[in-house]
Amino acid sequence: MSTDPAVVVLTEPADPTADLVITELNSRRVPVVRLDPGTDAVTFSAFVPTGRSWTGSLTTDRGRALDLGSVRSVYYRRPSPYTAPEHLDAQERAFVTAHARHGLGGVLGALDCLYVNHPHRNLAAGYKPHQIAEAARAGLSVPPTLITNDPAEAAAFAAEFGPVVYKPLRSTAYVEDGEHRTIWVRQVDPAEIGDGVAACPHLFQQAVDKVADIRVAAVGGRLFASRITVDGDHLDWRWDYDRIAFDPIAVPADVQAGIERLMHRLGLVFGAFDFGLGHDGRWWMYEINPNGQFAFVDPPTCTAIVVALADVLEKGVPA
């Protein structure tokens, strides 16, 4: 086990975004322990001596070893959900899964180090009502937005603020005819809003009259932005990656200040922002993904983000 403090990367086995950051850290000879606590077979013992934080050791069936008291930073990317052996019955699996999440997950979330980002911060920031309210308080421009399960209120909002788009409040697995479906951002006609809205809360937002989309990665106080131009008329640029182009773009000073304030309010070190660039030059914030991907943007910007993340993780700071 290395005596040099390690960077712990918590993610699933197939994660190209994490791969880029790990490769950069390896080139700097920074010790890295990659771990998927939801699927790896882990043996660990964690102990709190008087007046100190967690110490102990962790090993995996893949031969990885970690000194819990000597971690410089944790990169919380995309670990798999915790699971339990299939031979257990439903109640036993629920018990084991909960204890793995609260025991192993709890220890990994209580280490005395820097988190990018702490899972509790990710969870809170992932709630769209929370991030929208905080973005507005931070001075960022947010389009008029309604969250409702009242069909009449939804129709009235669409009539007053149209054109209006619908967005899911959370990325949720949806299977139809045996195939996984993606719920895209789409424009809504007030006449098509029916009683189905009453089944659960829906998010409606005034559509931005935009000339382009913008993705901004905020990393430890540094910003890296790409302008996204679509060849055609796609409301949601994720529909067809073959028809989009990415180009680096400077972030206006007022938007920089708003992003900095929002990151501080949410307690994040990293965040991926989506903006719409209006015809008048105004940057309209759609959302922040506290754990967003970035490998798809233009190569120079992607490389800059990877280097910035490695800088932050290599340095590390006490929790």
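Colleague: How do you know that β1 and strand β6 (residues 71-78) pair?

Modeller: This is a predicted model, and the pairing is read from its bridges. At least two bridges are needed for a pair. β1 and β6 have six bridges, in the parallel sense, so the pair meets the rule. Val 8 stands opposite Val 74 in β6.

Colleague: What makes β1 and β2 a pair?

Modeller: Four bridges join β1 to β2. The rule asks for at least two, so this counts as a pair. The two strands run parallel. Val 8 stands opposite Val 33 in β2. The chain goes from β1 through helix α1 (residues 16-27) to β2, and this β-α-β crossover is right-handed.

Colleague: Why is β1 called largely enclosed?

Modeller: Six of the six residues of β1 are buried, so the rest of the structure largely encloses this strand. Ala 6, Val 8 and Leu 10 point one way from β1, Val 7, Val 9 and Thr 11 the other way, and all are buried.

Colleague: Is β3 enclosed or in the open?

Modeller: Largely in the open, because zero of the six residues of β3 are buried. β3 still has a partner: six bridges join it to β4, and the two run antiparallel. Phe 44 stands opposite Leu 58 in β4.

Colleague: How do you know that the length of helix α2 (residues 90-108) agrees with its residue count?

Modeller: α2 has 19 residues, and at 1.5 Å a residue they should span 27 Å. The end C-alpha atoms are 26 Å apart, so the two values agree.

Colleague: What caps the N-terminal end of α2?

Modeller: Asp 89 does. A side-chain oxygen of Asp 89 lies 3.2 Å from the backbone nitrogen of Gln 91. The limit for a polar contact is 3.5 Å, so that distance qualifies.

Colleague: Which residues of α2 are buried, and what do they pack against?

Modeller: Thr 97, Leu 104, Val 107 and Leu 108 are the buried ones. The buried residues of α2 pack against several strands, including β1 (6-11), β4 (55-60) and β7 (114-116).

Colleague: How many aromatic pairs are there, and why is the one of Phe 157 and Phe 161 called tilted?

Modeller: The count is six aromatic pairs. In this one the ring centres are 4.8 Å apart and the planes make 35°. Pairing requires centres within 6.5 Å, so the distance passes. Stacked means under 30 degrees and edge-to-face over 60, so this angle falls in the tilted class. The two residues, Phe 157 and Phe 161, are four apart in helix α5 (residues 151-161), and therefore about one helical turn separates them.

Colleague: Are Phe 157 and Phe 161 buried or partly exposed?

Modeller: Phe 157 has a relative accessible area of 9%, so it is buried. Phe 161 stands at 25%, so it counts as partly exposed. The cut-off for buried is under 20%. Elsewhere, Phe 273, Phe 275 and Trp 283 form one aromatic cluster.

Colleague: What makes Ser 80 buried, and which side chain does it join in a polar contact?

Modeller: Ser 80 has 15% relative accessibility, so it counts as buried. Ser 80 is in the loop between β6 and α2. Its side chain makes a polar contact of 2.8 Å with that of Asp 36. Among the residues that Ser 80 touches are Glu 12, Pro 13 and Thr 39.

Colleague: And why is Asp 213 called buried?

Modeller: Asp 213 is at 4% relative accessibility, so it counts as buried. Asp 213 lies in strand β14 (residues 210-219). A polar contact of 3.0 Å joins its side chain to that of Lys 210.

Colleague: What makes the phi of Arg 29 worth a remark?

Modeller: Most residues other than glycine have a negative phi. Arg 29 has a positive value, near 60°. Arg 29 sits in the loop between α1 and β2. Its relative accessible area is 76%, so Arg 29 is exposed.

Colleague: Which peptide bonds are cis?

Modeller: Among them are the bond joining Val 116 and Asn 117, with omega about -15°, and the bond from Gly 162 to Pro 163, with omega near 0°. Asn 117 lies in the loop between β7 and α3 (119-125). Pro 163 is in the loop between α5 and β9 (164-167).

Note on methods:
Residues numbered from 1 in each chain as written. Predicted model: local features only at pLDDT ≥ 70, side-chain atom pairs only at ≥ 80, totals over all residues. Heavy atoms only, no water. Expected span 1.5 Å × (residues − 1). Buried < 20%, exposed > 50% of the residue type's maximum accessible area, 1.4 Å probe, protein only. Contact = heavy atoms within 4.5 Å. Polar contact = N/O pair within 3.5 Å; in protein donor to acceptor, adjacent residues only side chain to side chain. Right-handed = clockwise from strand over helix to strand, strands pointing away. Lists of a residue's contacts leave out its neighbours within four places in sequence.
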